[in-house]
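Have it open beside you as you read.

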Amino acid sequence: MNPFILSILLLSLGLGTTLTFASSHWLLAWMGLEISTLAIIPLMSQHHHPRAVEATTKYFITQAAAAALILFASTTNAWITGQWDINFDLHFFPASMLTMALALKMGLAPVHFWLPEVLQGLDLTTGLILSTWQKLAPFILMCQIMPVNSSLITFLGVTSTLVGGWGGLNQTQLRKILAYSSIAHLGWMILVMQFNQQLALLALIIYIPMTFSTFMIFKTNSSTTVNTLAASWAKTPALTAITPMILLSLGGLPPLSGFMPKWMILQELTKQDIPLTASIAALSALLSLYFYLRVSYAMTLTISPNNLNATTPWRLQTTASTLPLAISATISAMLLPLAPATLALLSL
Amino acid sequence: MLKILIPTLFLLPTTWLTSSKWLWPTALTQSMLIALGSITWLNNTTDTGWTALNSYIGTDPLSTPLLVLSCWLLPLMLLASQNHLSSEPINRQRMYITLLATLQLFLILAFGATEMIMFYVMFEATLIPTLLVITRWGNQTERLNAGTYFLFYTLAGSLPLLVALLMLQNNTGTLSLLIIPYAKPLLLMPFGSKIWWAACMIAFLVKMPLYGMHLWLPKAHVEAPVAGSMVLAAVLLKLGGYGMMRLMIVLDPLSKEMVYPFIVLALWGVIMTGSICLRQTDLKSLIAYSSVSHMGLVAGGILIQTPWGFTGALILMIAHGLASSALFCLANTNYERTHSRTMLLARGLQIALPLMTTWWFIASLANLALPPLPNLMGELMILTSLFNWSAWTLILTGIGTLITAAYSLYMFLMSQRGPLPQHMLALPPSYTREHLLMALHLIPLLLIILKPALLWGWFAC
């Protein structure tokens, strides 16, 4: 794409999210969300491939519907309570509407159906932006409207973790796997958001490097299905060795960083006296772990001298810098010993 | 503790920086020196019970035998793996040693942890290197399924444990093993506490394994390469026993009613898995089921919560660790020569490899708990404490002992005695490395006869 156009779109994307972050008025927050939606639309359809255009359309319709619902809910709240400030508590009815609208924006179950199909239609870089950057603005709004209808939030959280686990089990397309992974992780974040917003932020901050690493690994191998990953040992042997660590970190196994948010969230849920919900969420993480494990089996643990699953491609030197991947991979695998520092940075 | 931890950590640069000619000797020497250094931990003379104590880690008479066993096992694992890895590219060999060294590090931190969450994190952390060793370096396609079973059985048990530990922290305000014995009594609810007890124990019972939840073990032990089998049988199962012993102090009044079904399962498992051993055709599978059988006795000894039960459990854990690991090494010597684990194919080996028969004999005798080996001491103490609790258990444990003797003898006679088959041509004779490996397993076991008090844990008076 023309670099000027690309820079305008990326800067608008940044503007939209920053506007939502900085706003204390609901209309401004809504405007930020709309700007970021509009900015990503050309990025999604840049290749003019029918599948990409389909994904773009689906994304636009769902996000526009969600934004309209946010507008409606905030207007209703202004009508009932007389003010537009985000910092003031919402009336319960627009609060529930806002929660569902933001859930639709982020891709929480049971309004998650758009996410796998949209993500599947995008190329890996745009998919990365969708999975990480686009989650920030609705997440912040969700944090700010807490505490809201507790049973609704718990329902959204538990359903998301379960749907994220079960939905990903039958997938062979990597982007759909990452979509369901995103749904599951967002479920964890929502569960704790009603009690402790900083822990939800911690979960998001740990989730972003892990997802970034995974997308970058798939991009380096130019693979979009589980089968094509099997050739990665010939292209990038070092990356093949590291990927299971990133994937198991996504699954939340100690001693990798992905365990930190899960541990902290389970601790908070236990302190709040809902250990049953905590156990259900913990066990649902096992579902997601299964498909992460399957991807790492296909990629790393079945390499030669065992049977080859794919033809070996040419090993070409990459010209792209691998420094971002190196940094994010280190963060996603080795941050657990720094947990006290990380928590302190989030002023917990 | 740092005197052992830092050299273990620095095994990692050692493996990656030494030249390929010196890789194995250097790794072996360093791990052997660490093992010899770890033996000093057996000297527990403090009044508080905790030695080498700092804010995070400490050792006490319960953990030191297990720590020494894990440290001792690393050079043995390296010795055992040297042959089958020699055909791999050098970086894969380095990767393998790295995995074993990180596993060692996590094990030392797990046994030395004084805080339960640290123990939990290290307990789970041992899963990853073991999973990678089993699924990457195992030899058959079933290894993927084995890895999945291993990971998911253990995790399904241990995630409720995490929630249970966090509930305990909420209740008592701390999870430090130094403080918990003196903390205020637990606030117990009638039904919820029983679920909490089960959540605490199930993780360790799956790891031990208890009979109903043991399905992962034969798969994992059989599909793993020799170092994986060794560390699984010798140390990782004992993590379960160790965790149970640590948590029993906290769970006290609840355990009186809750242990019944688990003791029943444990004892029944001793007989069932023993009987399955008599019908096994796969040598490693036989040894794996024998591990389940012995650990069933250990589980019974721990669940009974008497001093003799705990002591017997600890002794049996160490003795079984050495004996079982020795048997897996012996099975591997067969596998490396014939590339088959079928007992029918590799029999009558006394004629071909007579010196190895000595080791087979001693290892089989250790497995069937021959006096004066510590295996018998452990089994007898557990037997006695169970008999004291209920005379009827003697039937189960007695029959269990008989069946253990039967299958150990069956294994020995099948592999060593009888005619050598016609197809066994050109077997390489036993290497000195293999003899050294077996000696390093069995000589400590024989030496323990002279001072078993080292392994008596808290009750060595």
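1. About 2700 Å² is buried between chain A and chain B, with carbon and sulfur atoms giving 78% of it; buried area is the accessible area (1.4 Å probe) that two parts lose on being put together, summed over both. On the chain A side, A:Leu286, A:Tyr297 and A:Leu301 lose the most area to chain B, together 20% of what that side buries.

2. A caution on reading this: the model is predicted, so local features need pLDDT of at least 70 and side-chain atom pairs count only at pLDDT 80 or more, while totals for chains, interfaces and linings use all residues. Residues are numbered from 1 along each chain as its sequence is written, chains are lettered from A in the order in which they are written, and side-chain values use heavy atoms, without hydrogens and water.

3. The contact (heavy atoms within 4.5 Å) draws 30 residues from chain A and 29 residues from chain B. There are 0 salt bridges between the two chains, taking a side-chain nitrogen of Lys or Arg within 4 Å of a carboxyl oxygen of Asp or Glu.

4. Which helices of chain A each supply at least two residues of the side that touches chain B? They are α11 (237-251), α12 (259-271) and α13 (275-301), where helices are DSSP runs (H or I, at least four residues), numbered from the N terminus. The largest share, 12 residues, comes from α13(A).
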